[in-house]
Amino acid sequence: MTDPDPEFPATAVRILRGATRLLEGLGYAAIAEYTLGNGRRADILAIDGAGQVAIVEIKSSRADFAADRKWRDYLDFCDRFYFAVAPDFPLGLLPEEVGLICADAHGGSIRREGVLQPINANRRRSLILGVALTASRRLARIADPELPW
């Protein structure tokens with residue numbers, strides 16, 4: 001569903017940038033638009049030095065959140081789950097049982113920590129390997145846009 005707000009893409013990009021900067025500052029390596037084993041696409045998947053996985057779902061507006069019925073599908077693929085929103089987002093709409101990041105184009109802050117729900121070791125290994133391969137391929141495509149994959 002498309003968001004009727006003409007600022008939707010720009011707002012999402014600003015939140016993505018700020019949330020990624022926050023995660024990197026906290027010791028995570030973050031990748032945007034990562035496809036999970038269940039076919040869902042995480043807006044941000046981040047892995048820290050201990051191998052813990054966080055997924056961040058960006059919500060750029062009230063309508064964007066209202067249209068989302070899939071966010072629970074991410075929970076089996078991360079140790080911590082967060083929504084990332086702009087500072088002026090109506091925070092009362094968001095479920096209290098998950099983490100919350102407020103972000104803009106310059107950075108972000110964790111307003112509520114995501115509850116630690118450790119994932120299965122085999123899934124963790126699969127995710128880390130998949131992220132490494134995906135990131136490597138994306139980097140290779142930057143160096144050589146004519147690569148076939």
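Leaving aside neighbours within four places in sequence, Thr134 is in contact with Ile31 and Tyr34, in a model that is predicted. Thr134 belongs to helix H3, which covers residues 121-143, and the C-alpha atoms of Thr134 and Tyr34 are separated by 8.1 Å although the two residues are 100 residues apart along the chain. Elsewhere the structure holds 11 salt bridges, and Glu57, Lys59, Asp64, Asp68 and Lys70 are linked in a network of such bridges.

- A polar atom of the Thr134 side chain lies 2.9 Å from the backbone oxygen of Gly130.

**Glu57 and its surroundings**

- Glu57 is placed in strand S3, which runs over residues 53-58, and because its relative accessibility is 2%, Glu57 counts as buried.
- Beyond the neighbours within four places in sequence, the residues in contact with Glu57 are Asp43, Asp68, Lys70, Tyr74, Phe81, Tyr82, Phe83 and Ala84.
- The Glu57 side chain makes a polar contact with the side chain of Lys59 at 3.1 Å, and another polar contact, at 3.3 Å, joins the side chain of Glu57 to that of Lys70.

**The salt-bridge network**

- The side chains of Lys70 and Glu57 meet in a salt bridge with an N to O distance of 3.3 Å; this pair links distant parts of the chain, with Lys70 in the loop between H2 and S4 and Glu57 in strand S3, 13 residues apart.
- The two partners fall into separate accessibility classes, since Lys70 is partly exposed with a relative accessible area of 24%, whereas Glu57 is buried with a relative accessible area of 2%.
- Lys70 also meets Asp68 through their side chains in a salt bridge of 3.6 Å, N to O, and Asp68 counts as buried because its relative accessibility is 4%.

- The side chains of Asp73 and Arg40 meet in a salt bridge at 2.8 Å, N to O.

**The hairpin of strands S5 and S6**

- Strand S5 (residues 99-104) pairs with strand S6 (residues 107-112) in the antiparallel sense, and the pairing extends over 5 bridges.
- The two strands, S5 and S6, form a hairpin with 2 residues between them.
- Within this pairing, Ile101 has Ile110 in S6 as its bridge partner.
- As a general point about such elements, the side chains in a regular strand alternate between the two faces of the sheet.

Terms used: Residues numbered from 1 in each chain as written. Predicted model: local features only at pLDDT ≥ 70, side-chain atom pairs only at ≥ 80, totals over all residues. Heavy atoms only, no water. Helix = DSSP H or I, 4+ residues; strand = E, 2+ residues; numbered from the N terminus. Contact = heavy atoms within 4.5 Å. Polar contact = N/O pair within 3.5 Å; in protein donor to acceptor, adjacent residues only side chain to side chain. Buried < 20%, exposed > 50% of the residue type's maximum accessible area, 1.4 Å probe, protein only. Pairing = 2+ DSSP bridges. Salt bridge = Lys/Arg side-chain N within 4 Å of Asp/Glu carboxyl O.
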